[in-house]
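Let's take a quick tour of some charged pairs and some strand pairs. Have the chain open beside you and follow along.

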Amino acid sequence: MKPKVSKVKPLDNYRLKLTFTTNEEKIFDVKPYLNKGIFNELKEPDIFYQVRESLGSILWPNGQDFSSETLYEESIESEN
């Protein structure tokens with residue numbers, strides 16, 4: 001079973017610090033997705049910073065989300 005997100009913290013430069021159920025902390029870069037469909041509105045910082053943990057993944061108020069598998073596999077290890 002893949003790890004789930006237990007905590008999310010938005011960072012500068014459209015990155016997210018994610019804590020997983022394995023206690024691993026990783027950084028996910030949202031920038032590659034910002035020009036794709038529904039993710040376009042996340043370019044607005046007021047919207048981007050409203051991200052929250054939801055059901056083991058993450059969610060923004062207008063329905064943008066990523067699967068926990070994508071978040072885990074495409075994140076890099078956090079340095080702190």
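Start with Arg-15, which is partly exposed at a relative accessible area of 27%. The cut-offs for that word are simple: buried means under 20% relative accessible area, exposed means over 50%, and partly exposed is in between (1.4 Å probe, protein chains only). Before going on, note that this is a predicted model, where local features need pLDDT of at least 70, side-chain atom pairs count only at pLDDT 80 or more, and totals for chains, interfaces and linings use all residues. Residues are numbered from 1 along each chain as its sequence is written, and side-chain values use heavy atoms, with hydrogens and water left out.

**Salt bridges**

- Side chains of opposite charge can pair when their charged atoms come close.
- How many salt bridges does a search of the whole structure find? The search finds four, a salt bridge being a side-chain nitrogen of Lys or Arg within 4 Å of a carboxyl oxygen of Asp or Glu.
- Arg-15 has one of them, with Asp-12, at 2.6 Å from N to O. Asp-12 is partly exposed too, at 48% relative accessibility.
- Lys-31 pairs up with Asp-29 in another salt bridge, their closest N and O atoms being 2.9 Å apart. Lys-31 is partly exposed at 32% relative accessibility, and Asp-29 is partly exposed at 31%.

**A link across the sequence**

- Lys-2 forms a salt bridge with Glu-73, and here the closest N and O atoms are 3.0 Å apart. Because Lys-2 sits in the segment before β1 (5-11) and Glu-73 in helix α2 (residues 68-74), this pair ties together parts that are 71 residues apart in sequence.
- Helices (H or I, at least four residues) and strands (E, at least two) are DSSP runs, numbered from the N terminus.

**Strand pairs**

- Strand β2 (residues 15-20) runs antiparallel to strand β3 (residues 25-29), and five bridges pair them. Two strands count as a pair if DSSP finds at least two bridges between them.
- For a spot to look at, find Thr-19, whose bridge partner in β3 is Glu-25.
- The hairpin of β2 and β3 has four residues between the strands, and Asn-23 takes a positive phi near 70° there.
- Which strand do two bridges join to β3? That is β7 (residues 76-77), again antiparallel, with Glu-77 in β7 standing opposite Lys-26.
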